[in-house]
Amino acid sequence: MRADESGFEITQQHGGWVVRLWWPEGPVTGGPQRMTVEPADDAEPGDVVRGISTTVLRRLDIAAAMQLARKAPEAQRTLQDFTQRLDASGEAAGRLLAEEGVSERYLATLALTYSAMAAGGAPAPVPWLARLIQRRPETVKDHLKKARRDGYLGTVAGKAGGEVTDKAKSVLDSMAGAEG
């Protein structure tokens with residue numbers, strides 16, 4: 001599922017064909033308002049030459065697509081909320097960096113934000129963080145290395161991101177206690 005021109009589309013592949021079903025934003029009250037059928041990137045040329053068959057059209061699972069579409073507005077809101085929370089966390093890290101330099105509070109906040117971005121599937125968390133803290137990506141990478149060296153960010157074998165350590169959680173808890 002992906003957002004597309006004030007709506008969202010759900011994609012299904014059937015044989016050598018990709019079918020895109022599109023709904024406008026808002027509550028889903030019926031089937032898609034637009035459908036496109038195009039050859040898949042890996043389609044056999046012989047299948048494409050023969051054109052779209054009725055078999056391909058009968059295999060469309062419009063009911064399943066509608067179930068996904070009904071959940072799309074809620075999923076979109078959830079994604080926007082998650083993104084806003086990450087932006088706020090990254091901006092807070094930027095403020096800490098400006099006020100305190102590369103402090104333990106900054107490193108703990110940076111580790112938390114980076115870990116959440118990676119766990120959330122962000123395709124490029126370092127450039128995103130760099131934009132939020134208003135530093136170059138190379139600088140953010142150096143700060144993340146320091147966070148790992150200093151024990152605020154652990155590693156997850158074979159994956160980007162990392163675990164927020166107990167040391168970082170302790171710093172973050174003390175920050176939350178000071179605010180409340």
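## A first look at the helices and cores

T113 is found in helix α4, where a helix is a DSSP run of H or I with at least four residues, numbered from the N terminus. This is a predicted model, in which local features need pLDDT of at least 70, side-chain atom pairs count only at pLDDT 80 or more, and totals for chains, interfaces and linings use all residues. Residues are numbered from 1 along each chain as its sequence is written, and side-chain values use heavy atoms, with hydrogens and water left out.

Is T113 buried or exposed? Its relative accessibility is 1%, so T113 counts as buried. The cut-offs here are under 20% relative accessible area for buried, over 50% for exposed and partly exposed in between, with a 1.4 Å probe and protein chains only. Leaving aside residues up to four places away in sequence, T113 touches L86, S89, G90 and L129; a contact means heavy atoms within 4.5 Å.

Now for α5. Seven of the nine residues of this helix (residues 125–133) are buried, so α5 is largely enclosed by the rest of the structure. The buried ones are P125, V126, W128, L129, A130, L132 and I133.

On to the cores. A nonpolar core is a set of buried Ala, Val, Leu, Ile, Met, Phe, Trp, Tyr and Cys residues joined through side-chain atoms within 4.5 Å. The largest one has 28 residues, and Y106, M117, V140, L144 and Y152 have the most contacts inside it. Two or more residues of this core come from each of α3 (62–100), α4 (104–119), α5, α6 (137–149) and α7 (166–179). Helix α4 gives the largest share, seven residues. Apart from this core lies another, of eleven residues, including V19, W23, M66 and A69.

Y106 also has its own set of neighbours: A93, L96, L97, G101, I133 and H143, again not counting residues up to four places away in sequence.

Here are some figures for the protein chain as a whole.

| Property of the protein chain | Value |
|---|---|
| Residues that count as buried | 37% of 180 residues |
| Box filled by the C-alpha atoms, along the principal axes | roughly 65 × 35 × 25 Å |
| Contacts with a separation of 6 or more that join residues 24 or more positions apart | 46% |

Stepping back, the chain has seven helices and four strands, a strand being a DSSP run of E with at least two residues. From the N terminus on, the order is β-β-β-β-α-α-α-α-α-α-α.
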